[in-house]
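Hi everyone, thanks for coming. Let's look at a structure together.

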Amino acid sequence: MTALLRFDDLTLGYRRHPAVHHLSGAVREGSLTAVVGPNGAGKSTLLKAIVGTLKPLEGRIALDGIDRRDIAYLPQQAEVDRSFPIGVLDTVLLGHWRRVGVFGGIGRRRHEEALAALAAVGLAGFERRPIGALSAGQFQRVLFARMLLQDARLILLDEPFTAIDARTTADLLAVVRRWHGERRTVVAVLHDLEQVRAHFPETLLLAREPVAWGPSAEALGPANLLRARAMAEAWDDDAPACRRPPRSAA
C-alpha cells in the first residue's frame, strides 16, 4: 500500500519549544491508525499540523496525491463553539462546502444526502433542533454526519469518543469502520487502549517523541507503554528552545 501521509524528521512546537520531536514515518493509504500516548504527548498538535494550522519547527509533512482540501478534521468538542444559533440540518449541510463553495447552491440532491447522513448516525428527525439543545453524544453524531458529506480521503479525529455514551461510541465506531471499508485513511487520537486494540489495526504511540509505530498489539506492548510513561514523566518543560542543527558547508 502506498503512503498517503509522510513525516520526515518532523518537530512541532510552540515558541520554539517542541511538542512533537523528530517524528518520521508514513501513514498508508486506506489504513486505520490510532495515535495514543500520555497527556501532553503532542497527539492533538500532530493533527493540527497535518491540517496546516501549525507549521513545523523542523522537518516536513508530505501529502502524496492529495491536498489539504481532501482532509476532514474533527477537533475535540471543547474547541467547537455550540452557542452559534444554527440547526442540526444546516450544520450537516456545511459538509458540502468544499464542493459547492461559498456561493454555491444546495439543491435537492445534496439536501437528501444530508438527511441520509443524519439517518446513518441515528439522528433522523433531529433536522430542526438547534445544536445548543443537543447532548454531547448527539452533537458528536451531527459532526460525524457532516464529515460523511465531506467525502474526504483523509479523516482526522481528535478524541472523538470522549465524554459520550457507550451506544453513541458503538454507532460512531461503525461509521469509522464504514470509512475504512471505503478505503479512506483514518487517523484518530484516542485514550481507551482496549478500544484501540479492538478496532484500530495500527497505532502510533507518542510521548512527544515516537515510542512505537506499527501493529497495535505490538505498539501497545507493556514495555512500550512503560517507556512512554517514563518519557512523559522525564520531559522538562523548561528545557532550552529547540534549535535547528547547523547546515553543513556546501
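I'll start with the sheet, then move to the helices and the cores.

A word on the source: this is a predicted model, where local features need pLDDT of at least 70, side-chain atom pairs count only at pLDDT 80 or more, and totals for chains, interfaces and linings use all residues. Residues are numbered from 1 along each chain as its sequence is written, and side-chain values use heavy atoms, with hydrogens and water left out.

Helices (H or I, at least four residues) and strands (E, at least two) are DSSP runs, numbered from the N terminus. Strands pair if DSSP finds at least two bridges between them. Here six strands form an open sheet of mixed pairing, in the order 5-6-7-3-8-9. Strand 5 (71–74) and strand 9 (209–215) are at the edges with a single partner strand each, so one side of each has no neighbour in the sheet. Further in, strand 3 (residues 32–36) and strand 7 (residues 185–189) run parallel, joined by four bridges. There, Val35 stands opposite Val189 in strand 7.

Now, which residues touch the most other members of the largest nonpolar core? They are Phe144, Leu157, Val176, Trp179 and Phe200, out of 49 residues. Such a core is a set of buried Ala, Val, Leu, Ile, Met, Phe, Trp, Tyr and Cys residues joined through side-chain atoms within 4.5 Å, where buried means under 20% relative accessible area (1.4 Å probe, protein chains only). Helix 5 (residues 136–150) gives the largest share, eight residues. Apart from this core lies another, of 23 residues, including Val35 and Leu156.

Notes
Buried means under 20% relative accessible area, exposed over 50%, partly exposed in between (1.4 Å probe, protein chains only).
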